[in-house]
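This briefing is for a reader meeting the structure for the first time. Please look over the sequence and the model before reading on.

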2 protein chains.
Amino acid sequence: MGREFQLIQRYLSLYGAGPQVTLGVGDDAAVLNLPPNTELVVSTDALVEGTHFPELTLPEHIATRAIGTATSDLAAMAAEPLAMTIALTLPSADELWLHSFSQGLAKAVQQFSLPLVGGDLTRGPLSVTVTVNGTVPAGRALGRGGARPGDRLCVTHTLGDAAAGLALVSGLWDPDHTLTSDQEQFLEDRFYQPTPRLDWAGWLRDNATAAIDISDGLLADVGHLARASGLGCRLDSSRLPFSAPLATVNRQQRLDWALAGGDDYELAVAVPVGVELPAHLTPVGEFVTGDGVECDYMPGGQSGYDHFGA
Amino acid sequence: MGREFQLIQRYLSLYGAGPQVTLGVGDDAAVLNLPPNTELVVSTDALVEGTHFPELTLPEHIATRAIGTATSDLAAMAAEPLAMTIALTLPSADELWLHSFSQGLAKAVQQFSLPLVGGDLTRGPLSVTVTVNGTVPAGRALGRGGARPGDRLCVTHTLGDAAAGLALVSGLWDPDHTLTSDQEQFLEDRFYQPTPRLDWAGWLRDNATAAIDISDGLLADVGHLARASGLGCRLDSSRLPFSAPLATVNRQQRLDWALAGGDDYELAVAVPVGVELPAHLTPVGEFVTGDGVECDYMPGGQSGYDHFGA
């Protein structure tokens, strides 16, 4: 048996069990059973060293970040997790690297109930491609295009934390000791271990008209939501929800991170007026006829993250 | 709208239609409907420049090869194609490159009835990760582990062509003008445009006990089949099926390519004695109690392709 196969067997076959898995890692393909009367939800995301995470990022963090960001697309469709596959490209077959990666993998598989049912391990520049599969009751997937004029724009939890965390780990931000080490750790975790909002699926299917996950900054992603719905959107910067650590940061900095920083993987959703909002869902704007996104504060020059932008 | 999104929209959203596609490219995830009483079959494969295809390979050929090899895993499970996603990592947003790639993509989507429902385009070293989704009637997926003692080992079509094609395009083989230019083209196409044997799915589900696709050379892949079935296998090199171009090549060279060359993406299947074999399915050996793969001819030192091998 080739060494590649031994490595795959050891590290990628440990996390593939579940009642939905008829056949896991080790055959030509995995076989999965879906609940009756559901549709399949599929999304793929590639993370490349240097582009999506800093060099020398811990492999454990590469795993949690890659899987978290991919899984967030399921949350944005109001889908339930089913299973995932991972294609991993590594410069060399490094057992220590794989051991650390597998720790992040194990954490994500358990946290998101997303067994790993297929893997491909290849020699090459470091990258991780995660393809996630989920299910929704047939006809109930929540797309981007359903917002109506008057719907409230709401966001889950808090914004800007991940961009602050990236600035911290990249050495681009010195918080001048206004933060405790616990608060710094919280912000770094928000970048390395994004939490896809899978637990909102049921509420969103019953109450929301459109949703997107915030990967490129609130302005850019709300722009996608508004455009897909054929509407405009007005944001009120004074209503953006911030975590305790960011509440201590100067206002302009935290607004820049929330509006244009990206990487939060919170959800931006459209909710009709009259629907009672649960905890951790904050109204921050309103959908209107027209187009474009307006905000009383605009970050300097930026409107989101564009991999191939100028 | 960012340039990345424009490129994705233009090149990756053209090929996503089909009755099985509820929602294609352009939202957070795709939504697919499966036929009733089926299970989902999933596999992912990454192709990296320099490792899986020569540098300066035409983007059209990168597409057909990446999609063909991934789709071959569906064929090996006796599954029907449903849809695919592609994560593409490119050093720069090169319109000419994407245009050529999309030509191969269009060809594969049509040939394999496999709409492209999700894409991710990222800046980085050139690689293509294809994740394929298929379906099988519930409980009917054909794994590697079902062969029984006495079953015949059979292979579809011909072997060794792709390895000969790779030798040709890599300048490692000069056929000394014993081949016509049409024959050389045939061999190169067999490397760049592998044909997943999807049309065998129905026959295999009804008649075969185990199957694998031949990506690493017949010896290595039959080894996987035999091991998964808890058996050994005896091969008869005189029965290996060759195409007309390879029949003119010296015997040792063509046996090396067939047994250890890889990249053919034909199927190796176990078929019980008594089952009538259709055209293009050739018996080349027999499963036996015990373990290991025996052949009257063994290629020098090699037993297949191992990405991380010594």
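A polar contact is a pair of N or O atoms within 3.5 Å; within protein, one must be able to donate a hydrogen and the other to accept it, and residues adjacent in sequence count only if both atoms are side-chain atoms. The model is predicted: local features need pLDDT of at least 70, side-chain atom pairs count only at pLDDT 80 or more, and totals for chains, interfaces and linings use all residues. Residues are numbered from 1 along each chain as its sequence is written, chains are lettered from A and ligands numbered from 1 in the order in which they are written, and side-chain values use heavy atoms, with hydrogens and water left out.

**Confidence**

- The model has an ipTM of 0.90 and a pTM of 0.91.
- Chain A has an average pLDDT of 91, and 93% of the residues score at least 70; pLDDT is the predictor's confidence in each residue, from 0 to 100.
- Over residues 302–310 of chain A, pLDDT stays under 50, and the model has 24 contacts beyond four places in sequence for them; contact means heavy atoms within 4.5 Å.
- Where pLDDT is low, the predicted coordinates should not be read in detail.

**The two chains together**

- Chain B is superposed on chain A by a rotation of 180 degrees with 0.0 Å of shift along its axis, at an RMSD of 0.0 Å. This is the relation of a two-fold axis. The same surface serves both copies, since 100% of the contact residues of chain B recur in chain A. Superposition is by least squares on the C-alpha atoms of residues with pLDDT of at least 70 in both copies.
- The contact takes 62 residues from chain B and 62 residues from chain A.
- About 4,900 Å² is buried between chain B and chain A, with 60% given by carbon and sulfur atoms; buried area is the accessible area (1.4 Å probe) that two parts lose on being put together, summed over both.
- Between chain B and chain A there are 4 salt bridges, a salt bridge being a side-chain nitrogen of Lys or Arg within 4 Å of a carboxyl oxygen of Asp or Glu.
- Arg144(B) and Asp28(A) meet through their side chains in a salt bridge (3.1 Å, N to O).
- Across the interface of chain B and chain A, 17 residue pairs are in polar contact, both residues at pLDDT 80 or more. Strand β3(B) supplies the largest share of the side of chain B that touches chain A, with 9 residues.

**Thr44(B)**

- Thr44(B) lies in strand β3 (residues 38–48) of chain B; helices (H or I, at least four residues) and strands (E, at least two) are DSSP runs, numbered from the N terminus.
- Thr44(B) counts as buried because its relative accessibility is 5%; buried means under 20% relative accessible area, exposed over 50%, and partly exposed in between (1.4 Å probe, protein chains only).
- The side chains of Thr44(B) and Thr131(B) make a polar contact at 2.9 Å.
- Leaving aside neighbours within four places in sequence, Thr44(B) is in contact with residues including Thr85(A), Ile86(A), Asp120(A) and Val130(B).

**Helix α9 of chain A**

- Asn250(A) caps the N-terminal end of α9(A), with a side-chain oxygen 3.1 Å from the backbone nitrogen of Gln252(A).
- The buried residues of α9(A) (residues 251–261) include Leu255(A), Trp257(A) and Leu259(A).
- The buried residues of α9(A) pack against elements of chain A, among them α4 (161–169), α7 (218–229) and β12 (292–295).
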